[in-house]
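I opened this notebook to record what I looked up in the structure. The entries follow the order in which I took up each topic.

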Amino acid sequence: MNIHIDYHLESPCCGSAFPDGHWELECPRGDGAALITTRYARRQFCPREESSGLYIYAHWLPVDRELLGSAAPVTYRGEALGERLGLENLYITFSGYWPERGAMMKTGTFKECEAYAVCARPGRRDDKVLVVASAGNTARAFGRVCSDNRIPLLLCVPEDNLDALWADEPWNDNVKLVCTASGSDYFDAIRLSSIACEMEPFYPEGGAKNVARRDGMGTTVLSAVARVGRIPDYYFQAVGSGTGAIAAWEANRRFIEDGRFGDHLMKLMVSQNLPFAPIRDAWRAASREMLPFDETTARRLAGEIDARVLSNRKPPYAIRGGLYDALLATGGDVLAVTNEEARRAAALFQRVEGIDIEPAAAVAVASLEQAVRAGRVEREAVVMLNITGGGMARYRQEHAVVGQTPDRVFPPGAPADEIKRGLAGLF
Ligand SMILES: *Cc1c(COP(=O)(O)O)cnc(C)c1O
């Protein structure tokens with residue numbers, strides 16, 4: 001269904017404003033050193049009663065249509081967990097599958113919010129193929145959304161992460177899956193996607209630079225403010241790229257402009273899974289640049305963490321308007337917790353709230369516990385805990401899920417021309 005949202009794009013690099021419509025990922029005049037942002041004509045937060053699923057927030061999404069099958073994040077007062085942690089005003093924003101709470105994301109994480117926004121953004125090309133590289137959750141979300149809505153999609157995923165690509169039915173054949181062979185990681189999948197994008201039929205989704213991806217993730221904050229009635233004081237989220245936290249900061253600024261929900265910035269308290277914590281390391285060193293690291297060590301450490309989705313080695317941290325700026329502007333911080341702490345937090349969440357959560361979401365819960373224990377969050381503060389994924393065990397219990405079979409598998413270092421020959425004729 002087509003809808004009309006009045007908005008334009010802006011670039012902080014040169015202050016220019018320009019219309020959306022050509023899948024801009026960077027400022028056409030600038031040098032790509034800053035994230036472009038959306039600016040909506042409608043300054044007042046006003047969920048759309050005529051829309052359904054995620055699109056109730058379409059007044060602050062860069063979209064021109066509503067796709068089928070979407071769901072919005074759900075925020076509720078986390079009394080049981082709050083009591084356990086010693087917090088009086090804890091709000092839990094849940095993206096995933098939890099029917100009793102009205103959370104109906106079939107792919108189980110807030111990556112679904114990104115996919116429904118990106119695939120409804122003007123400038124998409126129906127005559128071309130969207131390319132997405134992912135370690136798992138993003139691929140599962142885009143695969144599902146594109147399959148259901150017949151959008152041509154090429155997914156690039158490491159073969160070792162194929163177990164993340166379950167669904168309640170096989171994807172339609174407008175979605176093709178290509179893998180980098182066992183032993184490879186997310187960065188090999190990204191290389192594969194860049195090589196694909198050199199070919200005529202393919203165009204890149206764009207990651208953090210895609211405004212639809214960020215505003216899609218920002219709906220978690222829209223859901224929270226709608227429920228709480230004001231901007232929270234603290235925002236807790238586990239990060240790999242930090243895109244969700246950047247999005248939260250952007251959404252926060254929209255609420256300040258609205259004026260009815262407060263004029264403060266939530267402190268962004270983001271967290272990583274030890275021993276892989278490159279964002280924490282850079283932030284702790286007060287460095288805008290990520291610190292240099294040894295490739296082999298980074299791969300090894302990334303392999304040791306439970307929350308595999310957090311193993312991003314090139315986050316949009318230094319870029320203007322990126323994570324470093326977001327942390328600085330909001331007085332935020334980067335925390336880190338071990339696998340053991342996160343596992344305990346997941347068990348606690350299951351016990352007191354009654355649903356399974358993703359390892360990454362468990363990292364956020366453990367970081368909140370850590371911050372409260374260290375006296376860094378006041379008892380009466382309004383805290384938004386972003387449970388970025390959950391209910392997947394529940395979903396898989398209730399549905400017979402199937403895996404997906406790759407259409408091509410390439411050795412990690414395969415030469416570009418070999419990859420291109422393999423990709424030609426896929427669509
Ligand atoms: C991707 C993902 C994250 C990290 O999100 P970013 O904002 O991109 O760093 C956290 N939790 C889950 C469940 C995810 O899938």
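Entry 1, the ligand. I looked up the shell of 18 residues around the ligand, where K111, G240, S241, G244 and T388 come nearest; a residue is near a molecule if one of its heavy atoms lies within 4 Å of it. The model is a predicted one, in which local features need pLDDT of at least 70, side-chain atom pairs count only at pLDDT 80 or more, and totals for chains, interfaces and linings use all residues. Residues are numbered from 1 along each chain as its sequence is written, and side-chain values use heavy atoms, with hydrogens and water left out.

I noted that β12 (234-238) and α7 (243-258) each supply at least two residues of this shell. Helices (H or I, at least four residues) and strands (E, at least two) are DSSP runs, numbered from the N terminus.

I then listed polar contacts, that is, pairs of N or O atoms within 3.5 Å. An oxygen atom of the ligand lies 2.6 Å from a side-chain N or O atom of S241. For Q237, the distance from a side-chain N or O atom to a ligand oxygen atom is 3.1 Å. For N137, a polar side-chain atom is 2.8 Å from an oxygen atom of the ligand. Taken alone the ligand exposes 380 Å², of which the protein buries 96%; the areas come from the Shrake-Rupley method with a 1.4 Å probe.

Entry 2, the sheet. In what order do the five strands of the open sheet run? I read β11-β8-β9-β10-β16, with parallel pairing; two strands pair if DSSP finds at least two bridges between them. The edge strands, β11 (202-204) and β16 (408-410), each pair on one side only.

Strands β9 (residues 153-158) and β10 (residues 175-180) pair over six bridges. V178 in β10 is the bridge partner of C156. Helix α4 (residues 186-197) packs on the sheet, touching β8 (129-133), β9, β10, β11 and β16; contact means heavy atoms within 4.5 Å.

Most residues other than glycine have a negative phi, and most peptide bonds are trans. I found that W23, in the loop between β2 (17-18) and β3 (37-40), has a positive phi near 55 degrees. W23 counts as buried because its relative accessibility is 8%; buried means under 20% relative accessible area, and exposed over 50% (1.4 Å probe, protein chains only). A286 also has a positive phi, of about 55 degrees, but counts as exposed at 60%. Lastly, a cis peptide bond joins L274 and P275, with omega about 10 degrees.

Technical notes: Axes are lines fitted to C-alpha atoms, for helices over the stretch in contact, and angles run from 0 to 180 degrees between N-to-C directions. A polar contact is a pair of N or O atoms within 3.5 Å; within protein, one must be able to donate a hydrogen and the other to accept it, and residues adjacent in sequence count only if both atoms are side-chain atoms.
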